[in-house]
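Subject: Structure handover

Hello,

I am passing a structure on to you.

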Amino acid sequence: MAPVIDHHTHLHLNYGHDARTGTGDVLQAMEEADVAHSIIIDVCGIYGEDYREGNDHAAEAVREHPDKLTGFAYLHPPYAGIEACLAEADRCIRKLGFRGLKIHPVTDYHPINSPEFVYPLVEKAVALDVPLFVHTGHPPMSGPILMADLARRHPKAKLILGHLGHAQFSDACWVGKEYPNVYADLSMNQFGAIKNAYRAFGPDRMLFGSDSPTSHPIGAKSFVENLPIPSAEKERILGGNIVRLCGLDL
Amino acid sequence: MIIDTSISYKHPHHPETSTVDALLRSLDAAGIDRAVIHHFGPITDFRFAAANDELSRVVKAHPDRFIGVGTQNYYKGTDETDRCLNDLGLHGVKLFSSWGLAPGTGLVEKFFFPIAEKLQAAGSALMIEHEGHTPIIGGAVFWDNLIARAFPDLPVVMCRCWTWAYWPDYLMTAELNPNVLLEFTLAPTSCIDRALRELGPDRMVMGSWAPEMDPGAVVDAVNRFPIDDEGKRKILGGNAARILGLER
């Protein structure tokens, strides 16, 4: 059995918790769910803090647990401007060893397809040959259909459509069907939506993720494990696809 | 000619203001010449065929004021579409997303495409009511995109786009598909400005959804848009006449 990799976990969430979550929360959930490795993203930027410091926290977590964690950079373009973001993307990928970029338009209040804040990041992701992971599913800033604009403008970009669009999963599935450079993050969605995603994205562009510790990876994993599809396809969804997408050496 | 692209006959929540006489009075007060009328009863009682029969009688009694569009259970095939187009003298059908659950991946092709094909053959437009009901239906634009791409010569009108948070999605859909039009009623200035800038007057139509909105207020709003008279003429009725084949 190939290693199970959760491509969507967080540090410093304040989501329904008494205090900010830490590395220990993610690692404990991984152990309970038999997840071998996770992509970790620090989201202190959501709460108004400097996202660059958050990336340093994530890098520290990765240094302490290199066999268990890989980092994605959280970017918050309006915070200090797009140039600062582009510099941070370079720093995180080239110096900190992160393997992807993440943006959160809903809390950062810019549209997914912002020409000012996102188009340059897509170009940067292409130049760095890493995926750009985009939170979706909370209009007006992050309807999944807006990913179509990014995908059509940059067919070489590798785009991860966050949360399968939440309740807008049908729109997300249309984007996935139309644009082969878009991948589906399955976190925080439900079984019916994930079955639709299988038909739209196919087994090679679906990515197991939990949004841990918001949601426990046990539940997210069970959705994939219970899909009526061949085992080999489940293994790709549970880890093989993110390994290939990010060039992980695991 | 001023054409309101959506008014509701026998709205179950507004029975007194959605009779024929009440609707005609509101159109007259607004200076509206004609209106695309649908029967709103099936939203709650699902009696589509009976509603279409009744609507047909209403339209035949007022052929110079009403352009009728039927409603149907889109899971049941195109017999009712054919009946609306060929037997009842209606101009097509309006699909209500708020009725039933929106079909998932693969099912729009199965249920909606045959209807779209009929409407295209008849030279009419497909009107999809969006309503904005979250979480299942609200703002969903996947079917507009699927249908518009499969039928690039069919005008697809996104109707009842009342959830302002979804306007970026509606506008993106229109940008992706040149045969998609946006129907609007009273809307925030920021939304209208964006629509005028990104779509232009050729791809916008006015639909009040009377009696829920005052059609006169919508006409007044259009007349205040920062565009020339030709643009206003298109939005107020020229586009509707064109896509519904009224000019032929």
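Here is what was found in it.

This is a predicted model, in which local features need pLDDT of at least 70 and side-chain atom pairs count only at pLDDT 80 or more, while totals for chains, interfaces and linings use all residues. Residues are numbered from 1 along each chain as its sequence is written, and chains are lettered from A and ligands numbered from 1 in the order in which they are written.

Confidence first. The model scores ipTM 0.85 and pTM 0.91. pLDDT is the predictor's confidence in each residue, from 0 to 100. Chain B averages 91, and 93% of its residues score at least 70. Within chain B, helix α1 (residues 20-30) has the highest mean, 98. Helix α2 (residues 42-45) of chain B has the lowest, 83. (Helices are DSSP runs of H or I, at least four residues; strands are runs of E, at least two; both are numbered from the N terminus.) Take care with residues 132-136 of chain B, where pLDDT stays under 50. Where pLDDT is low, the predicted coordinates should not be read in detail.

Next, the sheet in chain B. It is open, has 5 strands and runs β4-β5-β6-β7-β8 with parallel pairing. (Two strands pair if DSSP finds at least two bridges between them.) The edge strands are β4 (94-96) and β8 (204-206) of chain B. From one strand to the next, the twist averages 25 degrees. β4(B) and β5(B) (residues 126-129) share 3 bridges. One partner of L95(B) to look up is I128(B) in β5(B), across a bridge.

Helix α7(B) lies across β5, β6 and β7 of chain B, at about 170 degrees to β6(B). (Axes are lines fitted to C-alpha atoms, for helices over the stretch in contact; angles run from 0 to 180 degrees between N-to-C directions.)

Now the interface. 20 residues of chain B are in contact with 17 residues of chain A. (Contact means C-beta atoms, placed from the backbone, within 7 Å.) α7 (142-150) and α8 (167-176) of chain B each give two or more residues to that side. α8(B) gives the most, with 6 residues.

Last, helix α7 (residues 145-153) of chain A. 7 of its 9 residues are buried. (Buried means 20 or more other C-beta atoms, placed from the backbone, within 10 Å of the residue's own.) Among them are I145(A), M147(A) and D149(A). The buried residues of α7(A) pack against elements including α6 (119-128) of chain A and α8 of chain B.

Best wishes

Note on methods
Two residues are in contact if their C-beta atoms, placed from the backbone, lie within 7 Å. A residue is buried if 20 or more other C-beta atoms lie within 10 Å of its own, exposed if 12 or fewer, and partly exposed in between; C-beta atoms are placed from the backbone.
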